[in-house]
Amino acid sequence: MGEKVLMKGNDVIAEACIRAGCLHYFGYPITPQTEISHYLSKRLPELGGTFLQAESEIAAINMVYGASSAGARVMTSSSSPGISLKQEGISYIAGAELPAVVINVVRCGPGLGGILPGQCDYFQATKGGGHGDYRNIVLAPNSVQELYELTVKSFDLADKYRMLCMVMADGSMGQMMEAVQFKDEEDIQVYDKPWATNGMGCRGHSNFITSVNVNPDELEKVNLRLQAKYREVEKNEIRYEEINCENADIMVVSYGTTSRIMKNVIKEAKKIGINVGLFRPITLWPYPYEALAKHTDKVKAFLSVELSAGQMIEDVRLAVNGKSNCYFYGRMGGHIPSQKELLDEIIRILEKEDK
Amino acid sequence: MAKERLHPKSIKDKVWHYCPGCSHGIVHRIIGEVIDELDIQGSVIGIAPVGCSYNNYEYFDFDVIQAAHGRAPAVATGVKRVLPNHIVFTYQGDGDLAAIGTAEIIHVAARGEKLTTIFINNAIYGMTSGQMAPTTLPQQITTTTPTGRDTAYHGYPIRISEMLALQEGTVFVERVSTHDVKHIRQAKKAIKKAFKIQQAGLGFSLVEVLSTCPTNWQLSPVDSQQWIVDNMIPYYGLGNLKGKDIKV
Ligand SMILES: Cc1ncc(C[n+]2csc(CCOP(=O)(O)OP(=O)(O)O)c2C)c(N)n1
Ligand code: SF4
Ligand SMILES: [Mg+2]
């Protein structure tokens, strides 16, 4: 077994990037994820790779576009305002079907907002963000261990589907110190990239990479192909965790930082005879609608807990499809709900449902 | 005797979509000839812009990546950092390079990226039907300056080559024209040198080509060539701005 070390979340993301065989990183500084850059600026040049501090997030994502076109594994990281700037490039990456990994250590918005943890970019990450009919795979770790495992996994998913894979963390996870158990050796699958533009000398005919097609028939076909690929991802890649869901009175749905708090709330609730289930989506897209829907007849209500004004709640409602009441509890501005706040809310909801 | 159509190996045997008298085709051909002469078809990667030449991969027979509007220099940077021994160039119009993409072009120059840029300055937004470009001349009529570019209102044209020559990472800059055979030859010489500078790993090289857009200038192909001589060359000037003495 590999080494077990105490590390900061952002450093673990950077280490996972290297372990996944990604030697090219392009980024622009923004809190609360700057440690990723600090780590990689030291390590990647040593390994013969690229660390490049770009002039903007727009440039950084387009450097990712170029590096991926050339056939390399490549990553960029940023936080909310920077991710907004990357949306043009993200749409192009989807259109050109390029593999890429984007880390979003989410902070609070809108605008410049604040640097404290948030989950207010859920819509942007899962419903679009940029223009066009496209999807990104979105992974939501909730521990430093998972930051490691899911960051490594994101490169595999990106290559496998020729898609952008986003790892969505938040400021508190990026800054948190926790033990992480690294593998001795990563199990990296190497994908053939006959489509890459890495010089036609290696293949004898020219390739081009593009997202434009002015012929309506052809462009519709491109879109249908993209959609077929997205259906395939929905079939194969959904991930979630269920805790204490058997005989739950109420099902709390939450991911990332908020789902960590819930684990303690479950214990506290048990002491007063309430059975709280936790359904934690790990893939925010594709969303585990079916798995969540299985609980509709068993629990009295659903409660989505988020660091937002209520974004994932819309997916919870889609899953539940009107068969149960869906409630929302959220904090904003960088506040994180306390266990007591959450337990009080659960008691309130159950009292209301029992009437 | 069957007529043999002589065209560079690096150019596909296709009919241009460009308007008659447009410089894009001429510059494509020059690039194709230079790539053949340097024997780099197998290792060159071009970055296409957003503009009339957005799909130049339909004509170039080597690897090409189509970039977002103005972002070609950043895309090229990503490619070159992954493949440092390949020859990477961007092909960009004046809207692409001198308006929306100014940050990206200045920073490849500042970083001294070992890249080459072919800058097609036709003083107009060709593809979107003739709006004012940053390089539109004073008094020039466009679809968004219907009474002519009033510098007091719209500001002044940007002299990109002069600006980029100031950057220490830029090693070669030349402004050329394609309005007659003599100038086409000079343009080819400059473009070839720009690629050789990259091959030698010296830094960033750029060739600005004063170009025509007969359609949006609303001039005939012949009058467009004359318009370059009468208006663009007096304003911008031709010649080398940096790296004249470098031998490659
Ligand atoms: C982000 C974005 N904004 C605007 C456009 C629309 N657009 C397409 S081409 C173009 C101008 C191109 O002009 P130029 O770069 O001078 O190239 P030319 O067509 O003259 O060769 C614009 C504004 C776009 N495609 N993307
Ligand atoms: S519109 Fe202008 S730049 Fe575009 S192809 Fe026609 S002449 Fe050339
Ligand atoms: Mg133009």
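## Strand β15 of chain A, and the two chains

Within strand β15(A), S304(A) is the bridge partner of V253(A). Helices (H or I, at least four residues) and strands (E, at least two) are DSSP runs, numbered from the N terminus, and two strands pair if DSSP finds at least two bridges between them. The model is predicted: local features need pLDDT of at least 70 and side-chain atom pairs count only at pLDDT 80 or more, while totals for chains, interfaces and linings use all residues. Residues are numbered from 1 along each chain as its sequence is written, chains are lettered from A and ligands numbered from 1 in the order in which they are written, and side-chain values use heavy atoms, with hydrogens and water left out.

The V253(A) bridge belongs to the pairing of β15(A) with strand β12 (residues 250-253) of chain A, where four bridges join the two in parallel. Strand β16 (residues 325-330) of chain A also runs parallel to β15(A), over six bridges; there, L303(A) has Y327(A) as its bridge partner. Strands of a sheet pair through backbone hydrogen bonds, either parallel or antiparallel.

β15(A) covers residues 301-306, and six of the six are buried, so the strand is largely enclosed by the rest of the structure. Buried means under 20% relative accessible area, exposed over 50%, and partly exposed in between (1.4 Å probe, protein chains only). On one side of β15(A), A301(A), L303(A) and V305(A) point out; F302(A), S304(A) and E306(A) point the other way, and all are buried.

In chain B, S161(B) sits in helix α6 (residues 160-165). S161(B) has a relative accessible area of 0% and is therefore buried. Leaving aside residues up to four places away in sequence, S161(B) touches V173(B), R175(B), L206(B), E208(B) and L241(B), where contact means heavy atoms within 4.5 Å.

The table sets out values for each chain. Accessible areas come from the Shrake-Rupley method with a 1.4 Å probe; for residues, only the protein chains shown count as cover.

| Property | Chain A | Chain B |
|---|---|---|
| Helices and strands | chain A: 12 helices, 16 strands | chain B: nine helices, seven strands |
| Buried residues | chain A: 59% of 355 residues | chain B: 57% of 248 residues |
| Accessible surface | chain A: about 14300 Å² | chain B: about 9900 Å² |
| C-alpha extent along principal axes | chain A: about 75 × 50 × 40 Å | chain B: roughly 55 × 50 × 35 Å |
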